[in-house]
Amino acid sequence: EYRNIPVEVIKDDLKPEEEDKIISDLQEKYSQFKSSPDGIVKDGNFVVVDYELFVDGKSIEKKSGTWVKITEDAHIKDFIEQLKGLKIGDEREITAALPDNYLQKEYAGKQGFFKVKVIDVKERVKPLLDDDFAKLVGPYNTVEELRDGIRKNLKSVKEQKRRQVIESQISDYLLKSTNIELPPSLLAHEEQYVLRNEIERLHYSGLKENEIKERLPQLREEAKKRARENLTIHFILERIIEKENITVTEEDIEKEYKNMYKT
């Protein structure tokens, strides 16, 4: 039975603060960075530094002109704290513990010894929220047109998420209430397809080959589950299409093509 499936629809109305957050993010994106007038490192600044990092007396990293943001949620908080108060031209030796998720795993959690020189101190200068800014960020002539565009986009995103939640609940219902004997060869082919796509996704996300290999047993189990679900939903939908005599018109294809193009 595929009609009258019970679903929970979550109400998510547009909030003014969501619109304001996007405006603020756009202002940050189009900010300019100017040298701080007093050249002193403070919260919120970006500091340009040359540094060399030593662990157990061995130099493991050396960089020039690196930008470091002075923020409380920094990757190496102790390092950031000890930069505060320095000014352009200052040099300092800093000792700070490297985080447990440090990129070079053999040094994770160890004490790092930094030799640092402050090259420049930058401040973020946000653009004014005016009609010129609206023209800069998109096809808008005024701030109100910009806000209207943001509201329309937010509503579209919320509607898409709402539909995804509903579709997910429908899929779960159909999977739980339907039992299909799937051809082993077809299932094996779909498993390989799902596994290959997931490995490619992990590659693009920056995971190393050895890390992916470590995950392979888990990835294979997940691929088996998803492959069965994919094929089951596929055959259920094919049967519903037959029973409901659903067809696709050229207008439907053109409309979907335009939606894909917009995305």
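## How H1 meets H4, and some surface details

Helix H1 (residues 16-29) packs against helix H4 (residues 143-177) at an angle of about 115 degrees, and their axes are 10 Å apart. Axes here are lines fitted to C-alpha atoms, for helices over the stretch in contact, with angles running from 0 to 180 degrees between N-to-C directions. Helices themselves are DSSP runs (H or I, at least four residues), numbered from the N terminus. This is a predicted model, so local features need pLDDT of at least 70 and side-chain atom pairs count only at pLDDT 80 or more, while totals for chains, interfaces and linings use all residues. Residues are numbered from 1 along each chain as its sequence is written, and side-chain values use heavy atoms, with hydrogens and water left out.

H1 passes H4 in a right-handed crossing, the term for a near helix turned clockwise from the far one by less than a right angle. On the H1 side, the residues in the meeting are Glu18, Glu19, Asp20, Ile22, Ile23 and Leu26. Their partners in H4 are Leu146, Arg147, Ile150, Arg151, Leu154 and Lys158. Contact means heavy atoms within 4.5 Å.

Leaving aside neighbours within four places in sequence, aspartate 13 is in contact with Glu18 and Lys158. From aspartate 13 to lysine 158 it's 145 residues in sequence, but 8.3 Å in space, C-alpha to C-alpha.

Now for the salt bridges (a side-chain nitrogen of Lys or Arg within 4 Å of a carboxyl oxygen of Asp or Glu). The count comes to 26 by this rule. Here are three of them:

| Pair | N to O distance |
|---|---|
| Aspartate 12 and lysine 15 | 3.4 Å |
| Arginine 151 and glutamate 19 | 3.2 Å |
| Glutamate 198 and arginine 201 | 2.7 Å |

Which pair links distant parts of the chain? That's arginine 151 in helix H4 with glutamate 19 in helix H1, 132 residues apart. Glutamate 19 is buried, at 9% relative accessible area, whereas arginine 151 counts as partly exposed at 23%. For these labels, buried means under 20% relative accessible area, exposed over 50%, and partly exposed in between (1.4 Å probe, protein chains only).

Glutamate 198 and arginine 201 are separated by about one helical turn, because they sit three residues apart in helix H5 (residues 184-204). Glutamate 198 is buried at 15%, while arginine 201 is partly exposed at 45%.

Most residues other than glycine have a negative phi. Asparagine 4, in the segment before H1, has a positive phi near 55 degrees, and asparagine 4 is exposed at 81% relative accessible area. Asparagine 245 has a positive phi near 55 degrees too and lies in the loop between H6 and H7. At 62% relative accessibility, asparagine 245 counts as exposed.

That loop, between helix H6 (209-244) and helix H7 (250-262), also holds isoleucine 246, which is partly exposed at 47%. Leu237, Ile241 and Ile246 make a nonpolar surface patch of about 260 Å². Patch residues have over 30% relative accessible area and no salt bridge; like charges are joined within 9 Å, nonpolar side chains (Val, Leu, Ile, Met, Phe, Trp, Tyr) within 5 Å. Accessible areas come from the Shrake-Rupley method with a 1.4 Å probe, and for residues only the protein chains shown count as cover.

Technical notes:
Helix = DSSP H or I, 4+ residues; strand = E, 2+ residues; numbered from the N terminus.
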